Amino acid sequence: MKPTKIWDGKDKSFLFRTNGIADSDFAKCPVTKKCVSGYSTILKGAPITVKSVMQKIVALSVTEAKTIAGVQCAQNMLYIEKLLESMELKVELPMKLEIDNSGAVDLANNWSAGGQTRHIETRMFFLHDLKEAGVIDVHWLKGKENPVDLFTKNLPGPAFNKCAKLFVREDEYM
């Protein structure tokens with residue numbers, strides 16, 4: 001894994017850039033109808049955490065499932081931020097969180113909220129409050145360009161290889 005820029009260990013003003021990418025499927029478990037969240041936290045262009053996990057609740061919509069995944073990723077990004085700050089390192093704010101669902105992005109940015117979103121208000125406002133505090137910016141990412149699809153669904157060979165490049169780079173076997 002190669003970061004986009006390497007810190008020399010001396011420059012106290014060096015800013016560590018942390019990004020997150022989140023995704024989920026929707027109700028794919030045939031028994032429980034729960035969703036799988038996948039996300040990665042990226043530090044200076046190099047993935048430092050990846051996770052694929054069954055969501056603990058049943059999401060009622062694709063937007064809710066993607067919002068849950070976004071919140072899980074944001075929590076991980078906050079952990080990385082606090083860890084770096086505890087070592088007296090500086091983190092560039094706002095951190096960028098990318099989600100491939102425009103509804104989840106709109107809810108986090110408070111661009112739209114209707115009567116059908118009350119059941120996810122806590123998660124929605126968690127992301128919205130982080131955005132308002134300047135900690136996280138939530139952006140939309142094209143679904144076909146989302147590398148964490150790798151953690152939420154079975155992909156055919158070419159799509160798998162495209163997504164895997166972020167996490168394993170290219171080698172002689174790809």
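Biologist: Is Asp149 buried or exposed?

Modeller: In this predicted model, Asp149 has 11% relative accessibility. Buried means under 20% relative accessible area, exposed means over 50%, and partly exposed lies in between (1.4 Å probe, protein chains only). So Asp149 counts as buried.

Biologist: Which residue meets the side chain of Asp149 in a salt bridge?

Modeller: A salt bridge is a side-chain nitrogen of Lys or Arg within 4 Å of a carboxyl oxygen of Asp or Glu. Here the N to O distance is 3.0 Å. The partner of Asp149 is Lys153.

Biologist: How does the accessibility of Asp23 class it, buried or exposed?

Modeller: Lys153, at 35% relative accessibility, counts as partly exposed. Asp23 has 0%. Therefore Asp23 counts as buried.

Biologist: How many salt bridges does a search of the whole structure find?

Modeller: One of them joins Glu92 and Arg17, at 3.9 Å from N to O. Glu92 sits in the loop between β5 (90–91) and β6 (95–99), and Arg17 in the loop between β1 (15–16) and β2 (18–24). They are 75 residues apart. The search of the whole structure gives 7.

Biologist: What distance separates the end C-alpha atoms of α1?

Modeller: Helix α1 covers residues 62–86. The expected span is 1.5 Å times one less than the number of residues. For the 25 residues of α1 that gives 36 Å, which agrees with the model. The end C-alpha atoms are 36 Å apart.

Biologist: Which backbone oxygen does the side chain of Thr67 reach?

Modeller: Thr67 is in helix α1. At 1% relative accessibility, Thr67 counts as buried. At 2.8 Å, its side chain reaches the backbone oxygen of Thr63.

Biologist: What should a student know about the numbering and the cut-offs?

Modeller: Residues are numbered from 1 along each chain as its sequence is written, and side-chain values use heavy atoms, leaving out hydrogens and water. Totals for chains, interfaces and linings use all residues, while local features need pLDDT of at least 70 and side-chain atom pairs count only at pLDDT 80 or more.

Note on methods. Helix = DSSP H or I, 4+ residues; strand = E, 2+ residues; numbered from the N terminus. Polar contact = N/O pair within 3.5 Å; in protein donor to acceptor, adjacent residues only side chain to side chain.
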